[in-house]
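Hello,

Here is the model for your files. My notes follow below it.

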Amino acid sequence: MSDTVYNEEYNDGFEEFFEEVKKNPQYNYDKIEKAYNLARDAHKNQRRRSGEPYIMHPVAVAKILFKLGMDNECIIGALLHDVVEDTQYDLDYIKKSFGDEVALLVDGVTKLGQIPLSTREEVQAENIRKMFIAMNEDIRVIIIKLCDRLHNMRTLQHMPEYKQREKSLETLEIYAPIAHRLGIRPIKEELEDLAIYYLDPIAYKEIEKNLSMKKEQGEKFLSEITKQISDKIEPVMNNVQITSRVKSVHGIFRKVYIKGKNFEQIFDIYAVRIIVDSMIDCYNALGIVHDMFQPLPGRFKDYISMPKPNMYQSLHTTVLSKSGVPFEIQIRTWDMHKTAEFGIAAHWKYKLGKGGKDKMDNNLEWIHRILEAGNETDNAEELVANIKGDLSIEEVYVFTPRGDVKSLPKGATVIDFAYAIHSAVGNKMVGAKVNGKIVNLDYQVKTGEIVEILTSNQQGKGPSRDWLNIVKTGESRSKIRAWFKKEKREENIVQGKAEVEREFKRNFIRLDSEQYESFINKIAERQHFNDIDDFYAAVGYGGIQITRLMPGIKDEYNRNWKPKDITSSRSVMNIEESSSKSTNGIVVEGIDNCLIKMARCCSPIPGEPIIGFINRGTGLTIHRRDCINVPIDISLSPEPDRWVNAHWDSSVQVAARSTIDVYAIDRDGVVLDITTKMANAHVKIHSINARPINDGNCLTTMTISVNSKEHLESVAKLLRKVDGVYHIERSGNQ
């Protein structure tokens with residue numbers, strides 16, 4: 001470590017970590033040290049929201065991966081995972097310095113750059129899509145990402161409240177289920193518990209209180225039970241380990257607050273784990289504990305003979321103690337225990353498609369399925385919804401008549417089961433039998449049921465469009481759409497054209513026949529279609545939702561296609577007209593001479609998509625189109641007629657107010673430096689408030705005048721040059 005110099009002001013944890021690494025001969029110490037030195041140099045001027053040096057984050061992520069037993073490239077990838085995204089070093093430099101494998105891992109974890117995406121949902125969806133593509137190349141990408149998210153969740157207290165909720169929800173819906181699918185139990189459970197802590201702190205504290213009240217009694221109970229089982233099993237088996245645990249907060253939360261059970265109705269708050277040498281010992285141990293305690297009917301699960309898709313194997317049984325307290329017993333071998341704790345991280349084969357198809361490849365097939373489903377939709381929200389549905393932690397296991405097992409998310413229908421077998425089976429499906437009885441197509445399958453799909457080879461027979469509203473999985477939805485895309489092109493064109501015309505009429509788009517064709521052609525080109533019919537067909541089979549495109553279409557129509565002599569539905573109005581009579585303008589459709597004000601919840605600025613809401617008796621409020629108070633689908637809102645289309649008048653120079661939060665290290669003169677920077681840039685400050693926050697940091701909130709979104713971005717760029725400033729964001733719901 002001669003070339004490594006540590007900052008005496010802080011301990012980033014690397015020195016102690018590196019000493020542990022050097023005890024393991026599998027690691028390349030020189031490369032790990034080289035990666036750390038590069039990361040430390042790259043992040044030297046960066047700090048986290050907590051005010052800590054940024055290098056502490058990649059080191060913490062590398063530590064988590066080390067505990068999982070991950071390999072050399074993984075540790076290096078963790079140390080470098082934010083370098084490409086946040087510093088001057090690019091991917092080519094990483095590739096030349098550390099090789100293709102590390103570069104692939106770093107690129108897979110790196111978020112997409114500055115791409116022209118209009119909504120937060122699209123950004124989230126494209127980042128998730130990129131992550132899954134990288135996972136398909138190398139599963140270690142998501143293992144690094146999970147450890148990255150875990151450390152971010154552990155330090156989430158330093159983020160604003162709305163960010164805490166946003167990150168926690170994403171963690172609960174995306175990252176914890178992925179950890180579950182990969183079988184990495186400790187990370188899954190900690191992610192879930194941390195997410196619940198921020199999403200529902202009252203429930204979290206209530207569960208903690210209940211557990212702490214039972215702690216002493218629970219510890220005594222588990223100690224007695226563990227001794228009773230040890231006394232019976234250890235004399236007849238070698239190398240046995242018996243441990244106990246209390247159920248995670250999230251596990252209790254699901255049963256109490258989602259399934260509506262009482263705390264006393266949860267039978268597996270207490271659990272005992274028995275680890276033995278062989279599979280035969282597992283079943284022998286099961287016989288012993290069933291002889292000792294009364295088993296509860298319907299609570300035995302054999303995941304040894306029927307493993308979960310994440311490779312988890314164990315025997316589960318719930319029994320009653322002699323005092324009448326229910327508890328769960330898990331029985332597994334040492335190898336099964338390693339897989340149960342570390343999942344895919346316990347195995348040394350990461351890349352799909354190499355070395356032939358084996359058990360590992362089959363257990364990662366779900367990544368392929370999610371990618372295929374994602375390729376069939378251009379709708380960002382739908383992509384994210386499909387991924388959330390397909391990653392559902394609650395699963396059911398259903399049998400084919402031949403005895404093959406299919407795993408599906410809870411709530412899946414017989415149609416989902418048909419498409420899980422094969423696309424052709426789903427497309428030819430006409431009915432289904434469950435345990436020998438005919439059921440409806442919307443029947444939701446349950447674990448242990450035998451499902452037989454009835455098919456027809458009749459010419460022209462295929463799925464119904466109604467199935468899109470019935471199926472649960474994104475895989476089924478994408479296969480149904482693929483069939484309509486291929487087999488029903490003419491029908492799709494007719495239906496798509498009707499949908500487009502209906503939306504145009506609803507949004508007051510009026511064009512003669514010649515203009516109409518040119519206008520549609522322009523839209524089709526923008527969506528990367530070769531001709532108008534391809535565009536109509538995509539709308540018809542559901543590949544594109546025309547309602548999602550309407551804000552952009554309306555803007556194009558108003559700027560370039562709307563007849564100039566139609567003035568009754570157009571009015572240029574001033575911002576804050578009642579007080580300032582300024583020349584700043586907004587164009588609102590269908591309304592003349594109305595008082596306009598900016599919504600405080602999102603404070604729109606020129607260049608951002610906007611929409612108006614008619615307030616009874618008080619005029620019109622302008623919101624950003626992506627404001628949380630604006631429905632995603634206006635037609636589904638309680639009062640759709642009160643929402644009106646609006647856009648910025650490009651012919652008028654607009655000065656709008658925007659409030660920003662500037663986070664900095666609390667030092668003498670930092671606020672003076674911020675205001676001086678604003679004065680030198682001729683940025684008008686309407687109000688300013690500075691206050692100290694946690695851990696030696698300060699928050700300066702300013703309301704300033706800007707004339708465009710780009711202007712605001714340039715102001716933020718200037719402020720980042722102030723010594724000590726480490727984060728800038730728009731206030732509130734902006």
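From H7, Glu 101, Leu 104, Leu 105, Gly 108 and Val 109 meet Arg 140, Val 141, Ile 144 and Lys 145 of H9. Contact here means heavy atoms within 4.5 Å. The residues of this H7 and H9 contact divide into five nonpolar, one polar and three charged. In that scheme Ala, Val, Leu, Ile, Met, Phe, Trp, Tyr, Cys and Pro are nonpolar, Asp, Glu, Lys and Arg are charged, and the others, Gly among them, are polar.

Some ground rules. This is a predicted model, where local features need pLDDT of at least 70, side-chain atom pairs count only at pLDDT 80 or more, and totals for chains, interfaces and linings use all residues. Residues are numbered from 1 along each chain as its sequence is written, and side-chain values use heavy atoms, with hydrogens and water left out.

**Overall**

The protein chain has 29 helices and 21 strands. These are DSSP runs numbered from the N terminus (helices: H or I, at least four residues; strands: E, at least two). Of the 734 residues, 51% count as buried. Buried is under 20% relative accessible area, exposed over 50%, and partly exposed in between, with a 1.4 Å probe and protein chains only. Take the contacts between residues at least 6 apart in sequence: 65% of them join residues at least 24 apart.

**Helix pairs**

Back to H7 (residues 100–109) and H9 (residues 140–154). They pack at an angle of about 50 degrees, with axes 9 Å apart. That makes H7 oblique to H9. Angles under 35 degrees count as roughly parallel, over 145 as roughly antiparallel, 65 to 115 as roughly perpendicular, and the rest as oblique. Axes are lines fitted to C-alpha atoms, for helices over the stretch in contact, and angles run from 0 to 180 degrees between N-to-C directions. The crossing of H7 and H9 is right-handed (near helix turned clockwise from the far one by less than a right angle; anticlockwise is left-handed).

The axes of H22 and H23 come within 5 Å and cross at roughly 100 degrees. That makes H22 roughly perpendicular to H23. Phe 484, Lys 485 and Glu 487 of H22 meet Arg 489, Glu 491 and Asn 492 of H23. By class, this contact has one nonpolar, one polar and four charged residues.

**Around H25**

H25 (residues 532–541) is largely enclosed by the rest of the structure, because eight of its 10 residues are buried. The buried ones are Ile 532, Phe 535, Tyr 536, Ala 537, Ala 538, Val 539, Gly 540 and Tyr 541. They pack against H22 (474–487), H23, H24 (513–526) and H26 (546–561).

Glu 503 lies in H23 (residues 489–506). At 10% relative accessibility, Glu 503 counts as buried. Leaving aside neighbours within four places in sequence, Glu 503 is in contact with Ile 546, Thr 547 and Met 550.

**Aromatics**

The structure holds 18 aromatic pairs. Rings of Phe, Tyr and Trp (its six-membered ring) pair if their centres lie within 6.5 Å; planes under 30 degrees apart are stacked, over 60 edge-to-face, the rest tilted. Tyr 303 and Tyr 312 are edge-to-face, at 6.0 Å centre to centre and 70 degrees between the planes. Tyr 303 is buried at 12% relative accessibility. Tyr 312 is buried too, with a relative accessible area of 12%.

Phe 613 and Trp 643 form a tilted pair: 4.7 Å centre to centre, 55 degrees between the planes. Phe 613 lies in S15 (residues 610–615) and Trp 643 in S17 (residues 643–648), so the pair ties together parts that are 30 residues apart in sequence. Both are buried.

One aromatic cluster takes in Phe 14, Phe 17, Phe 18, Tyr 27, Tyr 36 and Phe 66.

**Positive phi**

Most residues other than glycine have a negative phi. Ser 603 has a positive phi, near 40 degrees. Ser 603 sits in the loop between S14 (596–598) and S15, and is buried at 13% relative accessibility. His 682 has a positive phi of about 60 degrees. Its loop runs between H28 (670–680) and S19 (685–692). His 682 is exposed, with a relative accessible area of 74%.

Best wishes
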